[in-house]
Amino acid sequence: MNKEYKIAVIGLGYVGLPLAALFASKYPVVGYDINQKRIDELKQGIDATLEVSEDALKSVLQSTNSIGKKSSGLYFTTDETDLKAANYYIITVPTPVDKNNSPDLTPLKKASELVGKVLKKGDVVVYESTVYPGVTEEECVPVLERVSGLKFNIDFFAGYSPERVNPGDKERTIDKIMKVTSGSTPETALEVDALYRSVIPAGTHLAPSIKVAEAAKVIENSQRDINIAFVNELAKIFALMGIDTKAVLKAAGTKWNFMPFQPGLVGGHCIGVDPFYLAQKAQQIGYYSELILSARRLNDSMGSFVASEVVKLMIKNDLKIKNAAVLVMGVTFKENCPDMRNSKVWDVVDGLVDYGCKVVVYDPWVDWSKRRIPTGVTIVENLETDTYNAAVLAVAHQQFLELNVRSYLKTDGIIYDVKGALSEKVEGRL
């Protein structure tokens, strides 16, 4: 491919920033976001998500827009006019659900409107946001056509390459994960595939259509959600039987084809959200999902279940529940990252507060100056010994695994290990 790629990445979160930095090692890139504070920090080489290191960011940083030139590098902006010289627009905005768990395509459509204003003949728009099959061509492309006045697959083209970023994972970084690609015409598909393949040593998989690529992404996380729901249900059953779930899974895991899933809180922006997109699309075409939505309901119930298990354990150990000081360790959705999106630890916190406990939250990964602190919850940045009646390990941050949690409890205090990660003796675990 001899095309001169000039790339604009729209949305600089956990997905967009690593992608923009990767492309900028080889091509001129403009990174666009509506958050001025985010852009100001990135221009200084600071990534609050901790996905891209300061050294890596500064190595590609450009102080001026070089997208019209042939030099590689990354320029950050909130000015849409800086996007005009691009010929490849890659959209990496969030695709959340609303309060009723219905897909919210608002960020996607607003990003499409933005790109539509600067779209030119011959340009390609690639979507990375997780969606249900059909969104790119049936929801986004009409917005591009309406705003730009151009005709799809005649004047401009589209592609879809679902993100596979794993927040906080420093081993499986974006360049080490195979990328699925697709395009709206055979020629566009090959061009999109060549672009991604040029910066991803792990390689690419060219899907036969955009809808296939969209479907592949949404079932990746749905499959994981269903498998975790199964072991979460086992945890509930074995809790009633007085059997150690971890011990059962360890024994079963000795068989060669037993899949090693663990019970836990299923949050985040992918597994806890994506299945709703597939279920919604299925409903639109007359099929009502049973397994997918059942798994979602079960996983969403685990926060209140953990809270009730902690309280039962406290009662069993003759601890007073009302006004008991309960330490919750970790509120991000996964270990060793600051991402709190859709974290289900807050369901545990809410449950304990409802029981009358005084909940104290400790998470060294969270910058609380940038977060809203929930009413009735105390945030601490340092732990004191002999303080708490109970401790709940909710997230297995590395710092927690190196602590002597027992030292922060009163003499009769109990530990509940949601993650089954502590090496010290605990009174209960999921």
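Author: Start with burial: a residue is buried under 20% relative accessible area, exposed over 50% and partly exposed in between, with a 1.4 Å probe and protein chains only. By that rule, 55% of the 430 residues of the chain count as buried. This is a predicted model, in which local features need pLDDT of at least 70 and side-chain atom pairs count only at pLDDT 80 or more, while totals for chains, interfaces and linings use all residues. Residues are numbered from 1 along each chain as its sequence is written, and side-chain values use heavy atoms, with hydrogens and water left out.

Reader: How many helices and strands does the chain have?

Author: Helices (H or I, at least four residues) and strands (E, at least two) are DSSP runs, numbered from the N terminus. The chain has 13 helices and 14 strands.

Reader: How is the overall size read?

Author: The radius of gyration is taken over C-alpha atoms, and the globule rule is 2.2 Å times the number of residues to the power 0.38. For 430 residues a compact globule would come near 22 Å, and the 24 Å of the chain agrees with that. The C-alpha trace spans about 75 × 50 × 40 Å along its principal axes.

Reader: Is helix 1 buried or exposed?

Author: Helix 1 (residues 16–24) has 9 of its 9 residues buried, so it is largely enclosed by the rest of the structure. Among them are Gly 16, Pro 18 and Phe 23.

Reader: What should I look for in a strand?

Author: In a regular strand the side chains alternate between the two faces of the sheet. In strand 6 (residues 157–160), Phe 157 and Gly 159 point one way, Ala 158 and Tyr 160 point the other way, and all are buried. Two strands pair if DSSP finds at least two bridges between them. Strand 5 (residues 124–127) runs parallel to strand 6 and is joined to it by 4 bridges; Val 125 stands opposite Ala 158.

Reader: Which strands stand at the edges of the open sheet of 6 strands?

Author: That sheet has the order 11-10-9-12-13-14, with parallel pairing. Strand 11 (378–379) and strand 14 (428–429) stand at its edges with a single partner strand each, so one side of each has no neighbour in the sheet. Further in, strand 12 (residues 388–393) and strand 13 (residues 409–417) are joined by 5 bridges, with Ala 390 partnering Ile 414.

Reader: Where is Thr 95 found, and what is it in contact with?

Author: Thr 95 is found in the loop between strand 4 (88–91) and helix 4 (106–118), and it is buried at 2% relative accessible area. Contact means heavy atoms within 4.5 Å. Leaving aside neighbours within four places in sequence, the contacts of Thr 95 include Asp 104, Ser 129, His 269 and Tyr 277. A polar atom of its side chain lies 2.7 Å from the backbone oxygen of Thr 130.

Reader: Which residues have a positive phi without being glycine?

Author: Asp 318, with a phi of about 60°, is one of them, and Asn 323, with a phi near 65°, is another. Asp 318 is in the loop between helix 11 (302–316) and strand 9 (325–329), and Asn 323 also lies in the loop between helix 11 and strand 9. Asp 318 is exposed at 71% relative accessibility, whereas Asn 323 is partly exposed at 44%.

Terms used
A polar contact is a pair of N or O atoms within 3.5 Å; within protein, one must be able to donate a hydrogen and the other to accept it, and residues adjacent in sequence count only if both atoms are side-chain atoms.
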